[in-house]
Amino acid sequence: MNVAIIGTGYVGLTTGACLAFLGHEVTCVDVAEEKIAALERGEIPIYEPHLAELIAGARANLQFTTDYAQAIPEAQVVFIAVGTPSSGTGAPNLQYLESAARAVGQHLGRHYTVIVNKSTVPIGSGNWVGSLVRDAVGDRPDRRFSVASNPEFLREGTAIYDTLYADRVVIGTDEEHAAEVLYTLYRPLLEQTFQPPPYLPRPEDLAAVPLISTDLASAELIKYSANAFLALKISFINEIGCVAEKVGADITQVAKGIGLDTRIGNRFLQAGIGWGGSCFGKDTAALVSTASEYGLDMPIVKAAREINRRQRERIVEKLLHELKILKGRSIGLLGLAFKPNTDDLREAPAIEIARKLLERGARVRVHDPVAMARFQREHPDLAVTACESATAVARDADALVLVTEWSEYLELDWETLASTMRSAIVLDGRNALDRPRLARAGFRYLSLA
Ligand code: UGA
């Protein structure tokens, strides 16, 4: 099928690359000229494992352009995957969605087109996009279209795997024909008939991917509910972690003990600093904001947000309690990205923790295996020392904080690190380090739970 994707961020680029890999003719559109020029040169603007290989392998089916006129008129399916950043009020900023919808309407071809909201948009946006496109189409009855919602469930760092071997595909539309078109588009993925890429073999037990076909509003609500539930799972284990700390229980064992109950499940029960990233914070805020438009309070979701906020403060409180005075102390942060295997710094806990430590007069040294360049570009105002390695972060430090559990940090030569620090203290913000090993290396080990 002929597909256009608007927006070449994590979601748009991954979706485009995967659909091209599955054999569709894909044109990716972005207004950012330098991004499109880089993609045409074969450079990938984000760090995402296997994305470069996938794009290189599917290059014959992929085009990149800044020109809507080159992408939309031929497309049978148009995905809108533009950013919907937080506006600060809780509701997302929809200006990019609005201009994309208008541009799509202006360029629709003389055939039936399915326009798909792939961005995480507020409930009701399907109808809104439909009305914007209709206005832009104006008096041209041969431009037929319908709007569908096809929410994204990929995680950064495992985006390709999550897309090709999805737990489910959700298609929400009020028009049967649109559902049929999207079914045809996703068929190779739903039936798992494609040849897996050599670097991402198909999980052995995956025979087919379930399709959930719903109305528009239900698909939109599925997206928000999924992210809110995952966020509150994390906040729940972090709240239990506070109790575990008081009573002397081991939160990792507690998580294992409850997670083996299949009704609960063991994923997203990793206690620690809590969630960051562009999704959970923004989407829980948007859900609360949408509910409030209908006079509904969402105490559970609000509490999950509050607990997440507190976890970051607890890092600073722990250091303060341990070191007594933070002024003039040197604190090393291991990891800047909001999670391993990405260079994304949006709502990364490390940034907020660094800021809080600086406010208290500490000196902050930072390192990340892949996000350093991006960090220096995006946060030139943050008066921290950027170090070229974890070893450099530890030199003369009063304490180290593991903020992002990159695998290379788990394998550090802790004995050597301890010998170069002013005081060998480590605060394991992700409950990811080998506690006995650190003790043997001479560290005083602290954690949030
Ligand atoms: C999340 C969802 O997992 C995806 O399904 C969804 O598609 C995506 O948001 C989105 O809406 O676009 P993502 O934010 O990329 O994906 O990453 P996650 O793996 O969900 O991690 C989010 C945060 O939670 C990270 O900061 C991670 O460190 C933290 N986390 C995760 C925990 O603190 N504990 C856990 O047990 C799991």
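At 26% relative accessibility, Glu-313 counts as partly exposed, where buried means under 20% relative accessible area, exposed means over 50% and partly exposed lies in between, with a 1.4 Å probe and protein chains only. Glu-313 belongs to helix H12, which covers residues 299–323; helices (H or I, at least four residues) and strands (E, at least two) are DSSP runs, numbered from the N terminus. The C-alpha atom of Glu-313 is separated by 29 Å from that of Tyr-10, a residue 303 positions away along the chain. The structure is a predicted model, in which local features need pLDDT of at least 70 and side-chain atom pairs count only at pLDDT 80 or more, whereas totals for chains, interfaces and linings use all residues. Residues are numbered from 1 along each chain as its sequence is written, and side-chain values use heavy atoms, with hydrogens and water left out.

Helix H12 also holds Glu-317, which is partly exposed at 46% relative accessibility. Between Glu-317 and Leu-357 there are 10.0 Å in space, C-alpha to C-alpha, and the two residues are 40 residues apart in sequence.

The protein chain as a whole contains 18 helices and 14 strands. Its radius of gyration, taken over C-alpha atoms, is 23 Å, close to the 22 Å that the globule rule gives for 449 residues, so the protein chain is as compact as a globular protein of that length; the globule rule is 2.2 Å times the number of residues to the power 0.38. Taken along the principal axes, the box filled by the C-alpha atoms of the protein chain is roughly 75 × 50 × 45 Å. Of the 449 residues, 53% count as buried.

With regard to charge, the protein chain has 47 positive and 56 negative charges, whose mean positions are 6 Å apart. In this count Lys and Arg are positive and Asp and Glu negative, while His and the chain ends are not counted, and the place of a charge is taken as NZ of Lys, CZ of Arg, CG of Asp or CD of Glu.

The domain assignment divides the protein chain into domain 1 (2–214), domain 2 (223–303) and domain 3 (309–447), with bounds that come from an automatic or database domain assignment. The C-alpha centres of domain 1 and domain 2 lie 29 Å apart, and the contact between them takes 16 residues from domain 1 and 12 residues from domain 2.

Ile-237, in helix H9 (residues 216–247), is buried at 0% relative accessibility. When residues up to four places away in sequence are not counted, Ile-237 touches Ile-251, Ala-255, Ile-258, Leu-269, Gln-270 and Ala-271. The C-alpha atoms of Ile-237 and His-367 are separated by 27 Å, and these residues are 130 residues apart along the chain. Thr-404 is placed in the loop between strand E12 (399–402) and helix H16 (407–410), and is likewise buried, with a relative accessible area of 0%. Under the same exclusion of residues up to four places away, Thr-404 touches residues including Leu-334, Gly-335, Lys-339, Tyr-409 and Arg-430.

Backbone angles were considered as well. Most residues other than glycine have a negative phi, and most peptide bonds are trans. Phe-268, which is not a glycine, has a positive phi near 60°; Phe-268 is placed in the loop between helix H10 (251–259) and helix H11 (280–293) and is partly exposed, with a relative accessible area of 28%. Glu-347 also has a positive phi, of about 50°, although it is not a glycine. Glu-347 is found in the loop between strand E9 (330–334) and helix H13 (349–359), and with a relative accessible area of 42% it is partly exposed.

Technical notes:
Contact means heavy atoms within 4.5 Å.
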